[in-house]
Amino acid sequence: MNVTYNWLKEFVDFDETPDELAALLTMLGLEVESMEKLGAGMDDVVVALVEEKRQHPNADKLSLCRVNNGTEVLDVVCGAQNFKQGDTVVLAQTGAVLPGDFKIKRSKIRGEESCGMLCSEKELGLAEESAGIIVLPPAFAPLGTPIFAALGLKDTLFEIGLTPNRSDCLSVIGIARDIAAKLGLKVKYPQTALVEGPEAVGSVIGVTIENPDICPRYAARYISGCTIAPSPEWLVKRLNAIGIRSINNVVDVTNLVMMEVGQPLHAFDCDRLSEKRIVVRAAGDGELFTTLDNQPRVLTAGDLVICDAERPVALAGVMGGLNSEIEGTTTTILLESAFFKPAAIRKTAKRLGLHTESSHRFERGIDIDNVTRALDRAASLIVELAGGVMALGCLDVYPGKSERAAIPFRPEKANELIGINLERQLIIDILTRLECLVTECPDGSVTVIPPHYRIDIEREIDLIEEIARLNGYDKIPATMPVARVVSDRPTRHQEIEKQLRNLLVNNGMTEIINFSFTAPEAAGKLLLNDNDPRRLAIRLANPLVDEQSVMRTTLLPGLLETTAKNMSFRSLDLKLFEMRRVYLPGEGEDMPHEPLCIVGALSGSRDGDGWSRPNELVDFYDAKGIVETVLDFLDIGGVTWVNDNPEPYFHPGKSCRILAGRDCIGSVGELHPTVQKNFEIEKPVFCFELDFEKLVKYSRTKKTITAPSRFPDSTRDIALLIPDELAAAKIVDCIKAEKAKEIEHVQIFDVYRGKGVAEGYKSVAVRIRYRSFERTLADEEISSLHNKIVASLTDKLQITVR
Amino acid sequence: MREQLEQLRTGALQSIATAASVEQLQEIRINLLGRKGELTALMKGLGSLDASERPIVGQLVNTVRDVIESALGGAIKAAEEKAIAVRLQSERIDTSLPGRHPLKGTKHPISLVIEEICSIFAGLGFSVAEGPEIEHDWYNFEALNFPPEHPARDMQDTFFVENNLLLRTHTSPVQIRTMLKQKPPVRIIAPGTVYRCDSDATHSPMFHQIEGLMVDSGVTFGDLKGILTVFTNQLFGQKTGVRLRPSYFPFTEPSAEVDIACVICGGKGCRVCKNSGWLEILGAGMVDPEVYRHVQYDAEDISGFAFGMGIERIAMLKYGISDMRLLFENDVRFLRQF
């Protein structure tokens, strides 16, 4: 909502400066989003008198003037010809800044001193073109008066961001009322003096409402014999100041009154209305109508149309029709002022994408009691500006007039909820200043009837808000609540989420956050099978772009896109993870599932480049290592790493799924070369993905802690020659299966292929650490146990000791 | 024997004096005092002496041993010190070379801000609640007093999914879910991801909010002001000015926008605060009775406040980030700075 300082001042007599007024409005909840000072920098452009004018000695087309600005007489060189000695003119003195950042400076023109400039309308930004300088009427204003003030053009434009509840402030009067209430001043409402002709309105025009549920009130006036013409300058300037284009005297009046009092109005060319009749009815499904922006519209049964005896002439509350609009030749006018139900107007405007000043007001709700007042004001202004005769009376069809209900109100409740302690009388005063009708009953109870224009006030709480607002939020003391202790510790889920984020970061991983929506093609790029459940993504009905049209079922695409993008910026050493939800459709009517998942990607150098170590590249085991760190941290035991049935997006020979018992809790592997190509990733990437919900499920909360043995350990190494396809982990499993309590630790410390090892075989070196909790183990004891283990290995796994 | 001892003493002291290293001195010790050492051998010979001579010679042996021990001790200490001095003299590294450490990992700034805000509110007795991101229209709008076809719905451009589901446009539905699950007192904050179909330099279709809700008997608007003042002071510094001004949300009344004194210019006016000196950081208000009706709370018995803030905005202010899109581009050159 745009409004100017001067316009507001017409209705309330406040002393505040524009800056103070802006602060006051903002603290009333009418947020001033921007402020534009019209005529800023023009204080040095003043009314002046040409006391002497003579020819410039060195230039034919220039004159030398002696100009009186009220305090001194200055020399000014001027090029215009349209003035004479003794004229009152406009002088831009040194220091003035004209539109276009044109600074006026003392200068010499062809050898003659000039201390300013005599201005044209164009130079002041008051007109598009102008011939010569401004010559004001004699004694227009005291010499030295700033011209913008003298012309009444000095003003400030406020752009106010209104919240949807304050439809009453979609007018200058509405905002003026709030200012008046805050400052304890009276609003000066515009006075309308109606001059009506003898002819009764009902004998000329007729109005029928077929749908009073959507249009509970429709009022009209009739004016004949008027002349359509351009609006007078004051009206054009007023509308221009708030960003409305002038059309003609009649249309401009409807816009002016709408801005002034908040009632949208529409003027029809009455001669173009069949039978000069108005019928308000629901549109037919598929009915066609051309709005005055010359757009054909297809209507539906939910839309309300204003019709004449034959056809629609306006889309109710939204826009008039091309077939009945005011034209240059129009002489008779039917002026409409009505109330339409917000929901219906909103539906129509939204469906047609047609948002107008009128629909904006009807959608938010206007003041049904103001319908005829606005109509009278507009009709008399039209007669004043366009001439003609107004028919006698107003045709007001208002079948179900309703009174506003009184709201029971407890002043002490207001104090209690806000946390203040205002006197009862002050509370009642505040409501009275808001034009509420406050009734104090003998039993001390209070009822309040809010003013008709405040449709947002319906309940006690609405009144309490008004008390807080008018008294000022800044006057409410900040207190700390006295409340019962409620403190739940974080859930296990929340705690583990936080711990894992810390763990991953401490292991060198950088957290990323991608959008929850992705492209439908992502599943294909991952080579997911046609029947993979991850292809069943939840779709958005109204995505912004196709690449963000489905909710992600896996975090991998985002991770891989991030990887590719970073590599393209030459960030090649990457350790990324994302811990976010995925979105899986629910069964039938169920809500979708939103389990938390973790994915990670590693690529490039393991520890970053450096002088102190070889630059080693990450591989599968770095990714697996991170997963193992996570599993170890959560104390998830009994995990197996299986190669069969690999994920389609991983290298089948360099990936595995992670099972806790038989339940798959994630996977780890090198990215499949095709997937790498699909995502335009330059270098090999090693990824892992973990199902967070399952991690929580299998995490053991209570760790069993044992005191360490106090006896010395002894280690034995074995080198085993095993077929390439045999998993080295089997050796460790087999050793552990012996369940010898003296085995403290088993570790594979070397895997070797090549010289000295036959083709198709690998040499695996295993270190076993023996230790007893009871005593120092003798050499012979250990050797005997060790030999037994070696024998068992060669026996069970059919492998040989090197 | 006495001469032998005397000879031993002289010889020992001489060789101690000329020994060049700790190792040589240790060798001397073993040769003299060890199990098979010369002095030990002499001591073993004491038994063959006259009983009258034994104490005197024994005394002498002890004296000689003490002398040697003391000389050895001194010499070893000196030799060790010398050896350390020599080692310290000879060993030199270039300490200007960078240290050896694993690559640094970082949390996403959104996570950092959420953690910080949650921990501030944990200190004020608020626990963390969560809710679904794909939400029912009822929780996201209707129970929060946004009737169908209400203009307030225009404040939040919504992504729709089928079956009356949508992507939640704010974290406020968690209020409803929490109140339906438990009776007062309620004191929660709910961080989460939210969505609006809007995308430009200042709007992201996905962003994050933190919702707060406190319901108990006798909670006032002044309490809301108090809690938010404590919170903003902890988040932005002890003396951050806080201003509440009237606003409108369907689910709170009275409602407020909460501004803090601009953290960039300190309130003097700059580009970031559009010369107002204030930055809007959250919306808040007293829970509207209509919301209580939907969750079967009795508005006559209890009162409470709710507030919500955008995490991206706070992250941008805290870290001086000017373009919100940086937060979702995941460029490691940006992320590694946190």
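How many Å separate the centres of domain 1 of chain B and domain 2 of chain B, taken over C-alpha atoms? I looked this up before anything else, in what is a predicted model. The centres lie 85 Å apart.

**Entry: domains of chain B.** I took the bounds from the domain assignment, which puts domain 1 at 2-90 and domain 2 at 109-335.

**Entry: extent of the contact.** I then turned to chain B against chain A. Chain A brings 85 residues to the contact and chain B brings 91 residues.

**Entry: polar and charged pairs.** I noted 39 residue pairs in polar contact between chain B and chain A, counting pairs with both residues at pLDDT 80 or more. I found 5 salt bridges across this interface. One of the salt bridges I looked up joins the side chains of Glu133(B) and Arg581(A), at 3.4 Å from N to O.

**Entry: the chain B side.** Which helix of chain B gives the most residues to the side that touches chain A? I find helix α8, residues 221-236, with 8 residues there. I sorted this side of chain B by class and wrote down 40 nonpolar, 27 charged and 24 polar residues.

Technical notes:
Residues are numbered from 1 along each chain as its sequence is written. Chains are lettered from A and ligands numbered from 1 in the order in which they are written. This is a predicted model: local features need pLDDT of at least 70, side-chain atom pairs count only at pLDDT 80 or more; totals for chains, interfaces and linings use all residues. Side-chain values use heavy atoms; hydrogens and water are left out. Contact means heavy atoms within 4.5 Å. A salt bridge is a side-chain nitrogen of Lys or Arg within 4 Å of a carboxyl oxygen of Asp or Glu. A polar contact is a pair of N or O atoms within 3.5 Å; within protein, one must be able to donate a hydrogen and the other to accept it, and residues adjacent in sequence count only if both atoms are side-chain atoms. Helices (H or I, at least four residues) and strands (E, at least two) are DSSP runs, numbered from the N terminus. Ala, Val, Leu, Ile, Met, Phe, Trp, Tyr, Cys and Pro count as nonpolar, Asp, Glu, Lys and Arg as charged, and the others, Gly among them, as polar. Domain bounds come from an automatic or database domain assignment.
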